[in-house]
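Please open the model in your viewer and keep the selection panel at hand. The tour moves from one selection to the next and says what is there.

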Amino acid sequence: MNFNLSKSDLIRLNKLLETNEMNYNIGEMYQYYYHNLARKITQKDINAQMKLNNLSEEEAYFFLLMSLLEIDISDNESLELAKSYCLSGIKKLNIKEYINNPYLKNIKFDKNKLKNIRIEYDEYLPYEGFPSDDLVVDEDNYFQEKYQLGYFTSKFSFQSITHNNITWMSIIPNEIETMKDAIEIVKGNVLVYGLGLGYFPYMVSLKNDVTKITIIEKDPNIISLFKKVILPQFKNQNKIAIIQEDAFNYERTSKDQYDYAFVDLHHGDFDGIKIYTRFKKLELRSPNYIYWLEQTLINVIRRNLITIIYEQVNNISCNYNDAKDFNDKLINALYKQIKNKTFSSYQEIHNLLKEESIKTLIKEIETI
């Protein structure tokens with residue numbers, strides 16, 4: 001890998017590397033908050049902050065969050081940096097939108113029909129922060145990452161379903177928000193990989209422009225539960241067809257074609273990257289694939305690409321054949337694909353890191 005960059009392009013590259021490091025730090029900060037401090041902000045705190053500093057509620061939440069995380073915003077430069085990363089992502093959510101969600105209103109779980117299934121109850125307290133949507137990335141600002149933090153002003157209760165002591169799925173605001181765009185986009189004959197509690201199929205089945213929904217699920221217990229407890233509550237259950245099959249096997253061997261395919265086989269980025277990279281190399285059943293949490297998955301790959309660029313531009317010796325885990329394998333595969341590239345401008349680096357470029361790159365790398 002060669003870099004023939006001007007002084008101005010080197011400055012821009014360093015800004016990219018600094019932003020990437022800040023992205024990591026902000027991500028770790030939010031994870032610490034969600035796991036340890038999410039219930040520390042109260043209405044009393046919010047009201048006091050609003051009155052004292054003449055702030056909106058979301059601005060007050062921002063300052064309280066920074067204080068909790070011991071972020072020094074005493075000078076204007078630090079304050080503006082913190083605002084650029086965090087403030088726009090903090091949103092007061094309308095609890096009525098979720099209480100009145102069609103799935104949450106109409107799908108009920110009968111405990112008597114749930115074998116090996118346990119219903120657990122949890123709640124978000126007033127002003128408790130939680131991840132409310134997929135990651136937002138500003139491509140024009142050195143790929144700055146902005147996490148979406150939502151909160152309610154009153155208590156929000158929700159159910160989660162546990163199967164054999166493993167949380168199977170819970171219909172929480174994050175699930176609803178991160179599937180909203182996909183639900184709006186799909187139409188015609190739709191293929192769904194992964195059944196879960198049937199939230200996506202249910203919402204899509206309500207659309208007049210969706211004619212059929214085929215669900216691929218390999219677990220017979222999940223299918224049995226769905227058919228017995230959930231599907232009978234679907235208003236348009238005649239649109240639903242379920243095939244018991246491994247997703248990758250179906251993708252490779254089926255001859256069926258669909259207008260849209262929605263892939264929801266993962267629980268998050270920790271297990272989603274492997275599934276995502278495998279599926280991107282196939283994509284045989286439809287001209288239109290949508291992946292749950294795709295922005296976050298793409299961003300994990302982008303971070304790895306930036307790591308490789310950092311190592312190469314600084315002549316850091318790395319063994320790109322040694323791999324201790326899947327992420328190492330991913331880095332090695334990405335490196336092999338771009339190792340012979342010559343970057344003559346920062347714009348060429350920027351183009352490599354754009355969403356569409358990464359999607360193409362994933363299709364071209366060696367199977368991991």
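Is Asp134 buried or exposed, and which side chain of opposite charge is nearest? The model is a predicted one, in which local features need pLDDT of at least 70, side-chain atom pairs count only at pLDDT 80 or more, and totals for chains, interfaces and linings use all residues. Residues are numbered from 1 along each chain as its sequence is written, and side-chain values use heavy atoms, with hydrogens and water left out.

Select Asp134, in the loop between β4 (130-131) and β5 (136-138); helices (H or I, at least four residues) and strands (E, at least two) are DSSP runs numbered from the N terminus. Asp134 is buried and has no salt bridge, the nearest side chain of opposite charge being that of Arg302, 10 Å away. Here buried means under 20% relative accessible area, exposed over 50%, and partly exposed in between (1.4 Å probe, protein chains only), while a salt bridge is a side-chain nitrogen of Lys or Arg within 4 Å of a carboxyl oxygen of Asp or Glu.

The backbone nitrogen of Gln295 lies 3.3 Å from a polar atom of the Asp134 side chain.

Turn next to the salt bridges, of which a search of the whole structure finds 13. Select Glu283 and Lys363, whose side chains meet in one of them (3.3 Å, N to O). Glu283 lies in the loop between α11 and β14 (289-291) and Lys363 in helix α15 (residues 355-364), so this pair ties together parts that are 80 residues apart in sequence. Glu283 is buried at a relative accessible area of 17%, whereas Lys363, at 42%, counts as partly exposed.

Staying in helix α15, select Glu356 and Lys359, which are three residues apart and therefore separated by about one helical turn. Their side chains form a salt bridge (3.4 Å, N to O), with Glu356 exposed at 52% relative accessibility and Lys359 buried at 17%. Salt bridges that share partners join Glu294, Glu355, Glu356 and Lys359 into one network.

Finish with Asn238, in the loop between α9 (220-230) and β12 (240-244), which is exposed at 67% relative accessibility.

Note on methods
Lys, Arg positive; Asp, Glu negative; His and termini not counted. Polar contact = N/O pair within 3.5 Å; in protein donor to acceptor, adjacent residues only side chain to side chain.
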